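Student: I would like to learn how to read a few features of a structure that is new to me. Could you take me through them slowly?

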Amino acid sequence: MRFMVIVKATPESEAGALPDSEGFEQMGKFNEQLAKAGAMLAGDGLHPSSKGARIKFEGDKRTVTDGPFAETKELVAGFWIIQAKSKQEAIEWMSRAPFGGGTEIELRQIYEAEDFGDAVTPEIRERERRLRSQLDAR
Amino acid sequence: MTLDNERLAAIWRIESPKLVATLMRSVRDLGVAEELAQDAFVAALAQWPDEGIPRNPGAWLMAVGKRRALDRIRRDAAFDRKQQIVSADVESALLDPGFDVVEREIEDDLLRLVFTACHPMLAQEARVALTLRLLGGLTTAEIARAFLSSESTVAQRIVRAKRTLAQARVPFEVPVDRERLERLASVLEVVYLIFNEGYAATSGDDVLRPELCNDAMRLGRVLAGLMPSEPEVHGLLALMELQASRSSARTDQRGAPVLLADQDRVRWDGVLIAHGLKALAQAELLGGTAGPYTLQAEIAACHARAATFARTDWARVAALYDALAERMPSAVVRLNRAVAAGMAFGAETGLRLSDELSQEPVLRDYHLLPAVRAEFLERLGRFSEAAPEFARAAQLAGNQRERTLLFERAARCRIS
């Protein structure tokens, strides 16, 4: 199973402060460990929300709000995608991440194809097929 | 945090390969090394609930394991004076140098363990079981479930393999020169076998075996970390990840196989494709003549990059099959080459190349040869020749759904 590990923002991450060289090195080592164990599929850090935007959908209306956003603890500052055999194994790995200072991370299992079953309707499939034949015609 | 069985199993999965590898260097016997590693876990089970789980469980287990190994070596040495010199050596090896040295040494030991578990003197299934158990951290029960055999069969297979290695006094080392090439081939073969065992079984209600693909890819990533300068290690990883990226599109909702041409490419797994293409780039960066795994990965990459079946770079696929046929002389590879060439350069070429294979003994009962010929004949408008070829393919096909499809096509050719 796969997990998205969500790193919650902190006032520092929202201020755009990068870790010091020691922090970078520790995180580098941890990522290397994860990768060498074959558990890490992807991972990146995010710029502060001041560089981001939100889009709200209501009927046909789209309202765009530029960052920064207030509720720091609810914001995302980075993520990993990891492969593990169980939720417990994912927890075991991520407990070893070199965080401190009240950082919180959240583990969420990623849906995989077999979880969907019939959610992809024949209509969606047909649209894909048409799109692909258009591409072919080019 | 409490210590439950699940947590302990997770720690075992993460820590046991390193633990067994390090202990193996001192005790030189897989059975003993594994026993000592298990002892360390038993000690953890006794102490952690009271004292709490240490911040670095791996280091704790390693320290306990090494202490047990020392005790054991001293005890054995007391019985046998001749062993004392050896044991002095081993004791110094068990002393703790700095952390970075330890990390590097652990990796060296892990690599030695890889080559030991995949030793060509062992039967294929023994290598597979030993690798999953020692390097994948799987339990005997998990291996048995994945290979649809009984736990006692797998346990016996592992015990026997360990005994074989001990009796032959297989040195715990990373082979060099010519031997390294052969032994590396055996390692890669084992990992790809595990992958295919899972990949071939993704249909039906069998949900456990696909997990083998994940185990194999994980092993592949471990190998890429341990042998970063071996292009074929990255090539194998790329091949597995690119193939696995298609797994959910390979069967329809009823579990029937879907051909590459008809697969819904939106369902291909982007994370695995990205990872696989990165591994392939690494293999190419290392240079040299591309080996068979890298070549197959490059073929898989052509499909992964193509938005549609028709837009595949068939000329490149055909050229890659040419190169592969040189490295891996197999009739099936040449048949694939004929298909790719037919897509790239026209049905005439495809037909000529598949005709060259008509005398191949291994393809005599292989339904895809007449199926491919029929396909090209049909495209050339030679329906009266295509019909009997489709019918022959249908008779040879093992899969009922495929058989029906081929009979239908034969019938359609007859009325054309």
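**Reading helices in chain B**

Tutor: Helix α2 (residues 30-51) of chain B has 22 residues and reaches 30 Å from its first C-alpha to its last, close to the 32 Å expected at 1.5 Å a residue, where the expected span is 1.5 Å times one less than the number of residues. Helices here are DSSP runs (H or I, at least four residues), numbered from the N terminus. This is a predicted model, in which local features need pLDDT of at least 70 and side-chain atom pairs count only at pLDDT 80 or more, while totals for chains, interfaces and linings use all residues. Residues are numbered from 1 along each chain as its sequence is written, chains are lettered from A and ligands numbered from 1 in the order in which they are written, and side-chain values use heavy atoms, leaving out hydrogens and water.

Student: Where does α2(B) bend?

Tutor: A bend is the angle between axes fitted to the seven residues ending at a residue and the seven starting there. In α2(B) the bend is about 30° at B:L45, and a proline, B:P49, follows within four residues. After α2(B) comes B:G52, whose phi is positive, near 90°.

Student: Is B:V159 buried, exposed or partly exposed?

Tutor: Buried means under 20% relative accessible area, exposed over 50%, and partly exposed in between (1.4 Å probe, protein chains only). B:V159, found in helix α8 (residues 151-167) of chain B, counts as partly exposed because its relative accessibility is 43%. By contrast, the buried residues of α2(B) include B:L36, B:F41 and B:W48.

Methods
Helix = DSSP H or I, 4+ residues; strand = E, 2+ residues; numbered from the N terminus.
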